[in-house]
Amino acid sequence: MSLNLLGLNRSQFEALCTNMGEKPFRARQMMRWMHQSGVADFDLMTDVSRNFRERMATSAEIAAPQVLRDTTAPDGTRKWLFDVGTGNAIEAVYIPEGDPDDEAPAEQAAPRRYRGTLCISSQAGCALECSFCSTGRQGFNRNLSAAEIVGQLWHASRSLSATLSVERPITNVVMMGMGEPLANFDNVVAAMQLMLDEHAYGISRRRLTLSTSGIVPAMDRLREACPVALAVSLHAPNDALRDQLVPINRKYPIRQLLDACVRYIEKAPRDFVTFEYVMLAGVNDSVAQARELVKTVKPVPCKINLIPFNSFPDSGYTRSSGPAIAAFRDVLAQAGLTTTVRRTRGETIDAACGQLAGQVRDKTRRVQRRIGEVRA
Ligand code: SAH
Ligand code: SF4
């Protein structure tokens with residue numbers, strides 16, 4: 001299999017050029033062609049010598065995962081299903097806000113200012129088994145390579161540029177699709193370095209968000225290797241409940257997680273962490289739990305994002321009612337916590353948070369084990 005250039009960060013690409021007897025700046029030139037102009041054909045890179053282009057073409061390729069399905073919802077949300085081989089598929093979702101024809105400065109047209117967010121996947125499946133997550137239910141198959149992670153952004157940018165009038169259709173990236181990004185650390189960091197690189201996507205650290213269920217040692221490593229905006233999936237105000245909903249909590253309980261958040265903020269591009277909290281009816285959505293949550297998060301400068309649960313077949317959970325979510329939010333807001341309720345987007349195409357199912361061949365045979373348990 002030839003080397004896929006989409007996954008090389010700048011230093012890796014420069015090393016490749018040097019090894020091939022070329023100047024390192026060739027890497028920057030080719031990166032701009034690939035990532036900024038969406039070019040996949042070496043022949044189109046006209047400012048690179050023909051000889052070098054030909055040598056590259058024989059040893060390397062520029063290839064995003066193959067698209068199996070491309071669906072757009074009435075609200076403009078668009079979802080791609082990508083084939084990543086051996087029966088595995090992953091998903092990426094584009095969520096536009098504001099008017100794509102209105103790129104006026106924020107102060108002139110704040111409410112309508114365009115923002116395009118791409119939510120991308122980091123693994124085929126996920127090993128962490130959060131009880132309310134459809135990706136977790138499918139089990140884990142494998143980590144995505146850096147090229148497969150960046151390939152989602154490359155393909156989405158290219159496709160959107162062909163149909164939208166905006167110069168940069170994707171202004172924000174969130175690592176919130178399928179998988180636990182910190183469980184695929186090296187590939188995710190290499191991919192994020194490309195997203196941040198001015199010769200590639202040039203996304204600012206504040207507009208690149210990684211969401212984690214709380215793998216504490218990896219949060220410390222991320223702080224050193226590639227600090228970006230951080231979202232942490234909290235979902236419960238105490239360990240007893242979080243142990244049930246987010247099983248990684250048994251290894252890294254809330255106290256340790258919050259300490260890691262405080263350490264992270266020292267180097268982070270934003271001076272707060274966003275806590276995600278999925279609203280599950282009758283499970284974690286009472287007013288008493290909201291009050292407990294206020295006390296729990298006190299040590300961490302934070303914002304809270306309440307996510308109405310997105311259901312999937314046989315989930316066993318239901319979404320909290322509108323009034324329950326509002327009452328929960330009010331308790332947090334009255335305690336001075338900035339709290340938002342995530343608008344559900346793209347529901348008609350199953351593109352909402354936690355619904356990204358793709359299709360994963362579970363190597364761990366967890367599905368079979370579960371079926372066995374049910375039958376026993
Ligand atoms: N593995 C990472 C990132 C991917 S999940 C993490 O867990 O943070 C992105 C977000 O969607 C997480 O906050 C996750 O808890 C949430 N989520 C998962 N399933 C969901 C569902 N069915 N409804 C709403 N949110 C869900
Ligand atoms: Fe994995 Fe995140 Fe789903 Fe938990 S919520 S199973 S960590 S993808």
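Predicted model: local features only at pLDDT ≥ 70, side-chain atom pairs only at ≥ 80, totals over all residues.
Let's start with ligand 1. It has 18 residues around it, and the closest are Gly179, Ser211, Ser233, His235 and Asn310. By type, that shell is made up of 7 nonpolar, 9 polar and 2 charged residues.

Which atoms of the protein meet the nitrogen and oxygen atoms of ligand 1? A polar backbone atom of phenylalanine 132 sits 3.0 Å from a nitrogen of the ligand. Glycine 179 also uses its backbone, with an N or O atom 2.9 Å from a ligand nitrogen. Serine 211 uses its side chain instead, where an N or O atom is 2.7 Å from an oxygen of ligand 1. On its own the ligand would expose 530 Å², and the protein buries 96% of that. Two elements, β10 (208-212) and β12 (273-279), each give two or more residues to the shell.

Now to the salt bridges; the structure has 15 of them. One joins glutamate 14 and arginine 28, with their closest N and O atoms 3.5 Å apart. That pair connects helix α1 to helix α2, across 14 residues of the chain.

Next, helix α8. Its aspartate 220 pairs with arginine 263 of helix α10, 43 residues away, at an N to O distance of 2.9 Å. Glutamate 224, also in α8, reaches lysine 267 in the loop between α10 and β12, again at 2.9 Å.

Finally, have a look at Glu22, Arg26 and Arg55, which salt bridges link into a network.

Definitions and conventions: Residues numbered from 1 in each chain as written. Chains lettered and ligands numbered in written order. Heavy atoms only, no water. Near = heavy atom within 4 Å. Polar contact = N/O pair within 3.5 Å; in protein donor to acceptor, adjacent residues only side chain to side chain. Areas by Shrake-Rupley, 256 points an atom, 1.4 Å probe, with all protein chains shown as cover. Helix = DSSP H or I, 4+ residues; strand = E, 2+ residues; numbered from the N terminus. Nonpolar A, V, L, I, M, F, W, Y, C, P; charged D, E, K, R; others polar. Salt bridge = Lys/Arg side-chain N within 4 Å of Asp/Glu carboxyl O.
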